[in-house]
Every structure is written in C-alpha cells, then in structure tokens.
Amino acid sequence: MLPKDQLAVVLKEKFPDSFIEITDFRDMLTVHIRSEQALDLLRTLKTDPRFAFNFLADITAVDHLEMGGPARFAVVYHLLNQYEVQRIVVRAWVDEEQPSLPSAYPLWKTADWQEREVYDLFGIEFSGHPDLRRIMTPDDFQHHPLRKDYPLQGRGERSNFPVVKRRIGSKWQEAKSVQ
Amino acid sequence: MTLEAKELSTDNLVLNFGPSHPATHGTLRVIMEIDGEVVTKVTPEIGFLHCGFEKLGEHLDYNQYITVTDRMNYLSPMCNNVAFVLAAEKLLDLEVPKRAQYIRVLMCELSRIADHLLQIGMQAVDVGAFTVFLYGFRLREWIYDLFELAYGARLTTSYTRVGGLMRDLPDAFVPAALELLDRAPDTFKEIDGLLTHNRIWLDRARYIGPISHDEAISYGLTGPVARAAGVDYDLRTKEPYSSYEDFDFDVIIGSNGDVYDRYLVRLNEMRESLKICRQVLEKMPVGPVNVDADSKYVLPPREEMFNSIEGLIHHFMITMENQGLTPPVGEAYVPTESPNGELGYFIVSDGGREPYRVRTRPPSLINYSAFPAMMENMTVSDTVAILGSLNVIAGELDR
C-alpha cells in the first residue's frame with residue numbers, strides 16, 4: 001500500500017469534494033470521508049490493485065454527540081488486505097438530519113447484518129440495503145439505544161411492549177374456587 | 001385400465017425452529033420455508049439475548065469492562081479478556097512483560113481446546129452421537145480445573161488486567177498442565193476414532209452446508225469456518241499478537257467448506273494448540289507479569305499499599321473516579337484469533353476514564369450471517385448439523 005502522504009494525495013485527487021483527511025494513531029490509518037462518497041471510496045479500495053482490500057472485517061458506528069467531529073455520526077469500516085496483510089479504517093461522517101449513506105452490500109455480503117445492526121442501534125439508514133430491518137431490538141421498538149442521548153437505563157422501554165391483561169375471574173380461577 | 005396419476009396440490013410449509021430448541025444452544029430463531037424435506041428459504045432471527053453490553057461499556061472503566069467480556073463468548077472467555085486488554089493496551093501504548101504475554105497465549109490455547117471440544121461434542125449430540133460429547137467433556141472439565149487453579153474461576157475468568165494479569169501462575173500449575181498435555185491426545189484419538197471415518201457421521205457432515213472460498217470472504221467469515229473453505233488466513237501467524245510469532249505451529253486448511261471439513265479443521269487445530277501450549281511451557285520466561293507499578297497503570301503490590309503512604313496514594317489514584325487509567329484521545333482495534341474467528345474490540349477513547357465507545361467484532365454474528373447461504377438445497381435435518389458447525393454463541397451474537 002502507498003505510504004500515508006501519497007495515499008492522501010491520491011484520495012484527495014479522486015474525491016475532491018468529500019475527502020476530509022487521513023489520520024494515523026498507533027499505526028492505524030484512518031481515512032475520513034463524507035458519507036455521500038463512502039461507497040465509492042470503499043469500491044476504490046477494494047478494486048484498485050494498488051490497495052486490494054478484499055475483506056471487510058467490521059462495520060460499526062460512533063455517535064460523536066459529546067466528542068465533536070465533522071458530523072454527528074461516523075460509520076466505521078475496517079478493511080483488510082489479506083494478500084499483503086494490511087488494515088485500513090474508513091470513517092464515513094454522517095450528518096444528524098436524515099442520517100443515511102449508501103450500503104456496502106453490493107461489495108461485500110457481510111454488510112447485510114452488520115448494517116442492520118448499525119441501523120438498529122444508531123438509526124443510520126443504508127440506502128440500497130436489501131432488507132433493512134431491526135436485528136437486535138424488537139421490531140416495534142422506537143429508539144436507537146447506542147446513541148449518546150439515549151440513557152443507560154432506557155427511556156420508556158416498558159411502554160413499548162404490549163401489556164398482557166389477565167382476565168379476572170377466568171375459567172381457571174373459577175375452577176380453582178370450586179375446589 | 002390405466003391409473004392416472006393425480007396431481008397432489010402441495011404448498012410450501014413454514015416451519016418455526018427455536019428460539020428455545022435443544023439444538024439451537026442459545027436463543028436463535030430460524031423461520032424455514034420447506035418444500036417436503038428441502039428447505040427453500042431461511043430467515044434467521046436473532047436478538048433474543050441482547051443485553052446492551054456495548055452500551056454498558058461506555059459506563060464502565062477499562063478494568064471493569066473485562067468482567068463483561070467474559071459473558072460474551074462464554075465458551076472461551078479468556079480469549080475475550082485478552083482481546084479486550086490488547087486493544088486497551090494499544091490505546092495506552094503499553095507493552096506487557098514477556099511472561100504475561102506467554103501466559104495469555106497459554107490460556108488462550110487451552111480455551112481454544114475447551115471451546116473446540118464442546119463444539120465438536122455438541123454437534124455430535126445434535127446429529128445423534130452422545131459419546132463424543134461425554135469424552136470431550138472429560139478433558140474440558142480437566143482444562144477448567146486448570147483454570148480454577150490459575151485464577152480461581154472456571155467460567156468467568158477475568159484473568160487479564162490492563163497492563164498484565166491478575167496474578168502470576170501458582171507453582172502447582174506447570175506440572176498439572178504438563179500432565180494434561182501428555183494425556184489430551186488420547187481424547188483427540190478417541191474423538192477421531194468415533195467420528196472421522198464413521199459412516200453415519202460422514203453422511204451427516206460431508207457435502208452439508210458447503211460454502212465456497214469467494215463466498216466465505218464476501219460474507220466476512222473467519223476462523224475454522226473460513227479455513228475449512230480454504231481461506232488461508234490465521235491471525236496468529238499473519239498478524240501475530242501477544243508473542244504468537246515465537247511459537248511454531250501449522251495452520252489447518254480445509255478444501256470443501258462443508259460441515260465435515262469444519263470438524264476436521266477444529267480437531268486438528270486442537271492438536272496444534274497442544275503444540276503451542278507445550279512450547280509456551282518450555283520457553284516460559286521468568287519475571288513479573290505486570291508492567292512496572294511506577295507507570296501508574298497497575299495497582300501497587302499489596303504490602304506496599306498497606307504499609308506505605310505512597311503505595312496507598314498510588315492505589316487511590318488508580319481506583320478513584322476521574323483518575324487512573326485515562327488513555328489519550330484516539331481509537332484502537334486489535335484483531336485476535338478467537339476459537340470462532342476474528343475477535344477484536346474497537347475502542348474509541350475521549351481521554352476519559354471510561355471508553356467513549358466499545359465495539360466488539362463478533363465472529364458469531366458474522367459467521368451466522370452466512371447461514372442462509374449455507375442452507376441452500378439442504379434438508380431440515382441438516383439445519384442442526386450446520387448450526388452446530390458454526391458454533392454460534394448467543395451471548396456474543398446478540399451482546
């Protein structure tokens with residue numbers, strides 16, 4: 001893979017509008033990009049023989065509400081080049097209003113469930129995802145628990161579940177009172 | 001008179017499998033559409049064991065969260081402990097002493113043997129062979145006795161600390177471990193003899209749930225499931241962590257990617273793990289198991305804490321709120337080879353005492369997401385065989 005400075009030049013040329021920067025912390029390169037061109041960047045990193053990141057190890061998100069950053073959410077992709085054993089992190093910054101970015105499913109099928117998890121827990125939508133449903137929480141759940149403004153002990157969680165009302169004086173109880 | 005064959009009207013049947021079915025080993029639900037005996041469509045539903053571990057991680061400090069990692073993959077909790085502290089140590093830029101690294105490798109490999117034994121045993125139970133499970137459990141119990149000897153707990157180990165280990169190995173550990181290493185191959189031989197050439201096992205495992213090399217990469221499969229499909233990628237050799245580069249062992253690769261190859265990969269991996277364990281015990285360096293206490297990352301020795309004011313202040317500084325382990329602003333991810341595949345913790349720090357975000361890269365979830373692809377043209381009875389071969393641990397799957 002290209003060294004950090006050259007990589008920055010190459011990516012800046014290719015994505016002039018959305019490329020933000022490349023950071024390096026503890027030998028981990030992170031490419032920051034705006035969400036619109038995140039899929040294009042991933043496609044470049046996968047198909048360009050100079051990079052050849054063939055394996056998508058992980059998709060997750062970070063809510064930067066308290067920490068600050070170019071936007072509120074960052075969707076984080078961990079890519080791995082299995083031939084040369086190199087890793088790179090892509091951070092796609094997603095705005096707070098209508099958080100949405102293109103799905104990576106056309107490139108890697110592993111994106112299916114992992115994007116569903118991000119959608120479920122952060123409320124970030126992935127356009128072009130074949131089956132974007134909640135995966136961890138119940139289907140009728142209203143909130144996105146891993147957002148920073150969601151409290152640790154939940155918010156009105158009990159009210160989200162249907163309450164089973166037991167009939168007083170049911171047949172079972174009648175039978176019991178006879179005994 | 002000729003008999004006319006009458007067309008029987010047949011509809012696809014929807015079969016609900018789980019969430020609490022003896023073969024799901026956890027809480028998985030699979031909604032299957034079946035045409036006769038053949039499954040035409042599979043929709044797995046997960047999330048029944050979602051406990052918000054990642055949310056909890058944002059409210060616990062680095063050493064406290066180690067106890068939560070135990071509960072993720074509870075068949076090999078030590079691997080989770082190691083994966084988490086490696087990420088935290090990378091964030092802090094700490095290098096633990098060689099002895100601690102070797103002990104971590106030893107415990108991880110013993111956990112791997114215990115995990116694979118249970119996986120093979122469970123899969124055999126699911127397809128109807130109970131003996132393998134009992135034979136495997138005997139050795140697993142022995143490994144757990146070793147764990148108990150080393151850190152007092154059998155299942156929820158919590159042995160690692162950021163910057164080292166909870167304590168050094170006791171003197172009795174090494175002879176006990178050597179005895180186990182001598183006698184463990186007998187169990188593998190028994191399992192080998194019971195299963196590898198068993199006609200019923202071959203029928204239930206061979207060509208069942210196959211996945212190709214390219215599909216395995218596309219689905220992000222790792223660990224034995226991927227290696228059975230011919231993906232030559234083992235993090236222990238490719239991206240060595242915790243001194244794995246010091247040990248000599250082979251990576252087991254399969255070719256068909258079916259249930260049988262996964263079994264063979266796991267069985268032979270246990271033999272390789274034994275090799276690693278033996279090398280660790282031979283090469284075990286002497287010395288401390290924690291980083292220097294002056295670095296203010298680990299607790300001081302107990303005598304110092306009770307008998308000197310400096311030691312007391314030191315202890316206070318680490319355990320008090322807004323003090324102690326405060327990594328710089330940044331993020332770290334260390335991939336490790338857990339028994340199920342690539343396990344890593346992605347930690348984002350905002351410079352505080354608690355992580356800003358802890359993400360687990362769960363091998364169970366990602367391996368399980370390929371389940372519908374493996375179920376193509378399979379029958380209902382193959383479901384349990386394939387599920388067993390994936391070794392889905394619900395605690396890690398749902399977190």
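This is a predicted model: local features need pLDDT of at least 70, side-chain atom pairs count only at pLDDT 80 or more; totals for chains, interfaces and linings use all residues.
1. Overall make-up of chain A. The secondary structure of chain A amounts to four helices and seven strands, and along the sequence these elements follow the pattern α-β-β-α-β-β-β-β-α-β-α. Of the 179 residues in chain A, 35% are buried. Among the contacts in chain A with a separation of 6 or more, 48% are between residues 24 or more positions apart.

2. The sheet of chain A. Five strands of chain A form an open sheet with mixed pairing, in the order β1-β2-β5-β4-β3. Its edge strands are β1 (19-25) and β3 (55-63) of chain A, each of which pairs on one side only. On average, and with direction ignored, neighbouring strands of this sheet are turned by 20° against each other.

3. One strand pair in detail. Within the sheet, β3(A) pairs with strand β4 (residues 73-81) of chain A in the antiparallel sense, and the pairing extends over eight bridges. A reader who wants a place to look may begin with Thr60(A), which stands opposite Val76(A) in β4(A).

4. Helices lying across the strands. Helix α1 (residues 4-14) of chain A lies across β1 and β2 (28-34) of chain A, and its direction makes an angle of about 165° with β1(A). Helix α2 (residues 38-47) of chain A lies across β2, β4 and β5 (86-94) of chain A, running at about 170° to β5(A).

5. The contact between the chains. Chain B brings 33 residues to the contact, and chain A brings 26 residues. On the side of chain B that touches chain A, at least two residues each come from α1 (53-57), α8 (213-218), β6 (330-338), β7 (341-349), β8 (357-361) and α14 (363-368) of chain B. The element that gives the most to this side is β6(B), with five residues. Sorted by class, the side of chain B that touches chain A holds twelve nonpolar, eight polar and 13 charged residues.

6. Helices α5 and α6 of chain B. Helix α5 (residues 130-151) of chain B packs against helix α6 (residues 173-196) of chain B at an angle of about 165°, and their axes are 10 Å apart. Because angles over 145 degrees count as roughly antiparallel, α5(B) is described as roughly antiparallel to α6(B). The two helices cross in a left-handed sense. Residues of α5(B) in the contact include Tyr135(B), Leu139(B), Trp142(B) and Leu146(B), while those of α6(B) include Phe173(B), Leu180(B), Thr187(B) and Leu194(B). By class, the residues of the contact of α5(B) with α6(B) are 16 nonpolar, three polar and two charged.

7. Helices α4 and α11 of chain B. The axes of helix α4 (residues 98-126) of chain B and α11(B) come within 9 Å and cross at roughly 155°, and α4(B) and α11(B) are therefore roughly antiparallel to each other. Their crossing is left-handed. Among the residues that meet here are Tyr102(B), Leu106(B), Ile113(B) and His116(B) in α4(B), and Tyr263(B), Leu267(B), Met270(B) and Cys277(B) in α11(B). The contact of α4(B) with α11(B) has twelve nonpolar, three polar and five charged residues.

8. Helices α11 and α16 of chain B. Helix α11 (residues 259-283) of chain B also has an axis that comes within 10 Å of the axis of helix α16 (residues 380-390) of chain B, with a crossing at roughly 30°. The pair α11(B) and α16(B) is therefore roughly parallel, and α11(B) passes α16(B) in a left-handed crossing. In this contact Val259(B), Arg262(B) and Tyr263(B) in α11(B) meet Ala385(B), Ile386(B) and Ser389(B) in α16(B). By class, the contact of α11(B) with α16(B) comprises four nonpolar, one polar and one charged residues.

9. A loop residue of chain B. Ile253(B) is placed in the loop between α10 (235-238) and α11 of chain B. Ile253(B) counts as partly exposed because it has 17 C-beta neighbours inside 10 Å. The C-alpha atoms of Ile253(B) and Tyr233(B) are separated by 8.9 Å, although these residues are 20 residues apart along the chain. Leaving aside residues up to four places away in sequence, Ile253(B) touches Arg227(B), Gly230(B) and Asp232(B).

Methods. Residues are numbered from 1 along each chain as its sequence is written. Chains are lettered from A and ligands numbered from 1 in the order in which they are written. Two strands pair if DSSP finds at least two bridges between them. Axes are lines fitted to C-alpha atoms, for helices over the stretch in contact, and angles run from 0 to 180 degrees between N-to-C directions. Two residues are in contact if their C-beta atoms, placed from the backbone, lie within 7 Å. Ala, Val, Leu, Ile, Met, Phe, Trp, Tyr, Cys and Pro count as nonpolar, Asp, Glu, Lys and Arg as charged, and the others, Gly among them, as polar. Angles under 35 degrees count as roughly parallel, over 145 as roughly antiparallel, 65 to 115 as roughly perpendicular and the rest as oblique. A crossing is left-handed if the near helix is turned anticlockwise from the far one by less than a right angle, and right-handed if clockwise. A residue is buried if 20 or more other C-beta atoms lie within 10 Å of its own, exposed if 12 or fewer, and partly exposed in between; C-beta atoms are placed from the backbone.
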